[in-house]
Amino acid sequence: MSKPVVLIAEELSPATMDALGTDFEIRHTDGADRDQLLPALADAEAVLIRSATLMDAEAIAAAKNLKVIARAGVGLDNVDTQSATEAGVMVVNAPTSNIISAAELTCGHILAAARNIAPANESLKAGQWKRSAYKGIELYEKTLGIIGLGRIGSLVAERMKAFDMNIVAYDPYVTAARAQKMGAHLVSLDELLEISDFITIHMPRTPETLGMLSDEQFKIMKDSAYVINVARGGLIDEEALGRALDDGLIAGAGIDVFVKEPAKDLPFFKHDSATVTPHLGASTEEAQEKAGVAVAKSVRLALAGELVPDAVNVAGGVIDPYVRPGIPLTEKLGRILSAVMKGVSVSAIEVEVAGELAEKNVDSLKLAALKGVFTDVVSGHVSYVNAPVLAEGRGIETRLSTTTNSPHYRNTITVKSVAADGQQFSVTGTLTGPKQVEKLVGLNDYEFEVAIADHMLVLEYHDRPGVIGTMGMQLGDRNINIATMDVALRHDGAKALAVLTLDSALPAGLMEQVGEAIHAAKTAEVDLEETGR
């Protein structure tokens with residue numbers, strides 16, 4: 001069998017290649033060259049990029065087999081995530097790869113601002129000796145204001161405490177107790193701006209945070225204050241920063257990120273007190289290697305059909321190891337449910353998790369169920385990414401419920417559907433024993449226990465003598481071997497349900513033939529070998 005094609009669109013570290021391993025056909029292209037990129041994407045199941053490759057709607061449409069776009073870095077400005085989601089393509093990045101590098105660069109900008117390192121360096125290299133012109137200040141007992149006390153902001157706080165700085169922070173999503181553990185005191189944004197000697201911003205770029213520091217905020221700051229931005233371009237209004245430096249409202253700035261990059265001739269570039277760097281936050285050997293290795297591991301998971309914790313367009317979140325074995329089981333339950341429903345119009349799908357699993361985050365199981373439900377009924381690729389989109393587009397309500405009460409098994413997972421006409425269908429599964437064997441233990445009103453197999457036949461009929469023998473004869477005459485079988489009676493005893501696992505798929509028409517021979521009320525064939533139309 002041919003190996004899945006993984007396209008490397010930009011230069012990545014040797015460690016990235018090692019992390020990918022030998023299970024893929026690795027191809028290379030110049031992602032910045034559209035004439036090379038678009039045809040190279042035609043056969044790719046995964047593409048690894050950095051910042052120079054634009055994966056827009058056109059590129060995604062050219063990649064008919066694409067399952068995952070992996071950005072070896074944090075930002076995703078060059079990836080059309082919405083188009084990827086609609087196409088069922090997973091988008092992954094490396095959100096923690098550069099946090100140490102970005103925090104260290106922030107600290108570097110603080111030190112550079114305090115001691116005029118950049119202009120003093122330039123002056124000395126120009127043949128000047130101007131010691132008095134570049135007198136700086138100590139960080140000792142100065143106040144550092146951190147806007148955004150997340151992963152990078154907290155690392156900056158930890159490092160700058162070593163300089164005996166007083167740390168204050170503004171972050172509406174952090175509790176005072178947590179901030180205190182980081183050595184920071186929470187204050188309002190205006191108070192932070194008013195009392196800080198150095199202000200560093202570490203917020204995501206959203207419509208609410210763009211221009212978060214602008215003319216009004218600069219007027220609140222000390223005229224001796226410095227502002228630092230190593231997070232996202234545009235968090236500090238660039239025009240307003242130029243005006244603040246022109247008018248002496250603040251003392252200086254350290255800026256690594258810009259609204260438009262490459263950045264040229266911005267208003268504050270003329271000021272010696274503004275130290276600027278060309279987006280170097282992640283530009284360390286360590287950060288780039290971490291990013292490459294992280295997304296390589298994500299690609300392996302994605303192409304193996306597993307959920308990926310770092311997928312930005314999948315809502316499953318970080319998956320607990322205890323939950324992970326339930327994902328393929330739940331997907332199979334969704335496919336079995338689709339086979340039982342046989343094209344019935346559905347208005348709602350619900351996943352019920354019972355037992356110890358209910359104590360974990362099981363959001364990923366709802367995704368797995370939706371993927372299973374649509375896999376065999378939708379034309380085109382179905383993934384964890386676009387399955388919720390498919391449900392929403394069909395007006396199907398989706399729900400997830402949990403309970404710790406599981407009377408018969410340690411855990412059970414039930415996938416239910418409500419048809420437009422009010423009919424309800426449900427399938428229940430569990431994992432048993434040290435090997436975590438996937439078993440089907442319930443279907444509608446029937447309870448039984450059958451190990452899930454690639455080929456299964458479900459028959460509901462009026463209970464009477466001779467039915468099982470007739471089934472066996474019908475299948476045996478066509479050389480179909482029954483591997484296992486379990487028969488369950490409905491609670492009122494009127495009907496029975498037979499669940500058969502088979503060694504091979506049924507020939508066309510045989511399910512109907514068996515059903516007619518036993519006067520079955522309902523029949524369903526489950527073929528889990530098929531990957532869907």
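The largest cavity has a volume of about 40 Å³. A cavity is a set of points on a 1 Å grid over the protein atoms alone where a 1.4 Å probe fits but cannot get out. Points are joined across faces, edges and corners, and the volume is the space filled by probe spheres set on them. The model is predicted: local features need pLDDT of at least 70, side-chain atom pairs count only at pLDDT 80 or more, and totals for chains, interfaces and linings use all residues. Residues are numbered from 1 along each chain as its sequence is written, and side-chain values use heavy atoms, without hydrogens and water.

A search of the whole structure finds one cavity of 30 Å³ or more. Lining residues, with an atom within 4 Å of a point, include Asn229, Gly233, Ile236, Glu238 and Phe268.

Asn229 also belongs to strand E10 (residues 226–229). Strands are DSSP runs of at least two residues, numbered from the N terminus. Both faces of E10 are covered. Tyr226 and Ile228 on one side, and Val227 and Asn229 on the other, are all buried (under 20% relative accessible area, 1.4 Å probe, protein chains only). E10 runs parallel to E9 (residues 198–201), joined by four bridges. Asn229 is the bridge partner of Ile201.

Asn411 lies in strand E15 (residues 411–419). Asn411 is buried, with a relative accessible area of 11%. Its side chain reaches the backbone nitrogen of Leu357 at 2.7 Å. The C-alpha atoms of Asn411 and Leu357 are separated by 6.3 Å, although these residues are 54 apart along the chain. Contacts of Asn411 (heavy atoms within 4.5 Å), not counting residues up to four places away in sequence, include Tyr322, Glu356, Ser406 and Thr430.

Terms used: 1 Å grid on protein atoms, 1.4 Å probe; cavity = no way out; pocket = protein on both sides within 12 Å on 5 of 7 lines; lining within 4 Å. Buried < 20%, exposed > 50% of the residue type's maximum accessible area, 1.4 Å probe, protein only. Polar contact = N/O pair within 3.5 Å; in protein donor to acceptor, adjacent residues only side chain to side chain. Pairing = 2+ DSSP bridges.
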